[in-house]
Amino acid sequence: MALQRIHALLLLLLLTMLVLVQPSYGQDRMYQRFLRQHVDPEGTGGNDAYCNLMMQRRKMTVRQCKHVNTFIHEDIWNIRSICSTTNIQCKNGKMNCHEGVVKVTDCRETGSSRTPNCRYRALASTRRVVIACEGNPEMPVHFDR
Ligand code: T3P
């Protein structure tokens, strides 16, 4: 009887731990996705060939060509530090967005682009970007605009 109770308690403990761990697991997956899609510290980017190659390499041309994607050319710690600036409103109305000025390459799909041969026009600039952050410590999980 006592053994059954211990088993039940252990099961409850395990379930509680799973519930607690799950959000941070989800956030980490979002962070990894953000890194894959939007962060390229080494690249200087800037031209169409860069976009054509990187959009494919970072798996954004698999089922369909992603229409618009921005690569940020900054150290990840610089990008993460944007999360500690003042909260602003995201496009979806949530208040977990933050803005910063960074070096970017914006890749925009061209008219002649057809999956799997997705084709992009590049625009390099230093501009204001808005990203959403989550977690503790706060980490970028979504590129807003
Ligand atoms: P994702 O959520 O997969 O990162 O807004 C729709 C998608 O376009 C979103 O994709 C972010 C991406 N995007 C950019 O990468 N740069 C931009 O400047 C804008 C407006 C959108």
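## Close-up views of a predicted model

**View 1. Lys59 lies in the loop between α2 and β1.** The model is predicted: local features need pLDDT of at least 70, side-chain atom pairs count only at pLDDT 80 or more, and totals for chains, interfaces and linings use all residues. Residue numbers start from 1 along each chain as its sequence is written. Helices (H or I, at least four residues) and strands (E, at least two) are DSSP runs, numbered from the N terminus. Lys59 is not a glycine, yet its phi is positive, about 60 degrees. Most residues other than glycine have a negative phi. Lys59 counts as exposed because 11 other C-beta atoms lie within 10 Å. The cut-offs are 20 or more other C-beta atoms within 10 Å for buried, 12 or fewer for exposed, and in between for partly exposed, with C-beta atoms placed from the backbone.

**View 2. Four strands form an open sheet in the order β1-β2-β3-β4.** Pairing is antiparallel; two strands pair if DSSP finds at least two bridges between them. β1 (68–72) and β4 (139–143) are the edge strands, each with a single partner, so one side of each has no neighbour in the sheet. From one strand to the next, the twist averages 50 degrees. Helix α2 (residues 48–57) packs on the sheet and touches β1, β2 and β3. The direction of α2 makes about 50 degrees with that of β3. Such angles run from 0 to 180 degrees between N-to-C directions, with axes fitted to C-alpha atoms, for helices over the stretch in contact.

**View 3. β2 (residues 97–109) and β3 (residues 120–134) pair over 13 bridges.** Their sense is antiparallel. Cys107 stands opposite Ala122 in β3. Glu99 faces Val130 of β3 across the pair. Lys103 also belongs to β2. Thr126 is 23 residues from Lys103 in sequence, but 4.2 Å away in space, C-alpha to C-alpha. Setting aside neighbours within four places in sequence, Lys103 is in contact with His73, Glu74 and Thr126. Contact here means C-beta atoms, placed from the backbone, within 7 Å. Lys103 counts as partly exposed because it has 18 C-beta neighbours inside 10 Å.

**View 4. β3 and β4 pair in the antiparallel sense over four bridges.** Cys133 stands opposite Pro140 in β4. Four residues separate the two strands of this hairpin. Gly135 has a positive phi near 100 degrees. Pro137 sits in the loop between β3 and β4. The peptide bond from Asn136 to Pro137 is cis, with omega near 5 degrees.

**View 5. Pro116 is found in the loop between β2 and β3.** The bond from Thr115 to Pro116 is a cis peptide, with omega near 5 degrees. Most peptide bonds are trans.

**View 6. Eight residues surround the ligand: Gln37, Val68, Asn69, Thr70, Asp106, His142, Phe143 and Arg145.** Each has its C-beta atom, placed from the backbone, within 6 Å of the ligand. β1 gives the largest share of this shell, three residues. β1 and β4 each supply at least two. By class, the shell holds two nonpolar, four polar and two charged residues. Ala, Val, Leu, Ile, Met, Phe, Trp, Tyr, Cys and Pro count as nonpolar, Asp, Glu, Lys and Arg as charged, and the others, Gly among them, as polar.

**View 7. An unreviewed UniProt entry annotates residues 27–145 as "domain: Ribonuclease A-domain".** UniProt positions follow the numbering used here, feature names are shortened, and annotations may be inferred rather than shown by experiment. Over residues 27–145, the chain is 24% helix and 32% strand. The end C-alpha atoms of this stretch are 20 Å apart.

Key:
Two residues are in contact if their C-beta atoms, placed from the backbone, lie within 7 Å.
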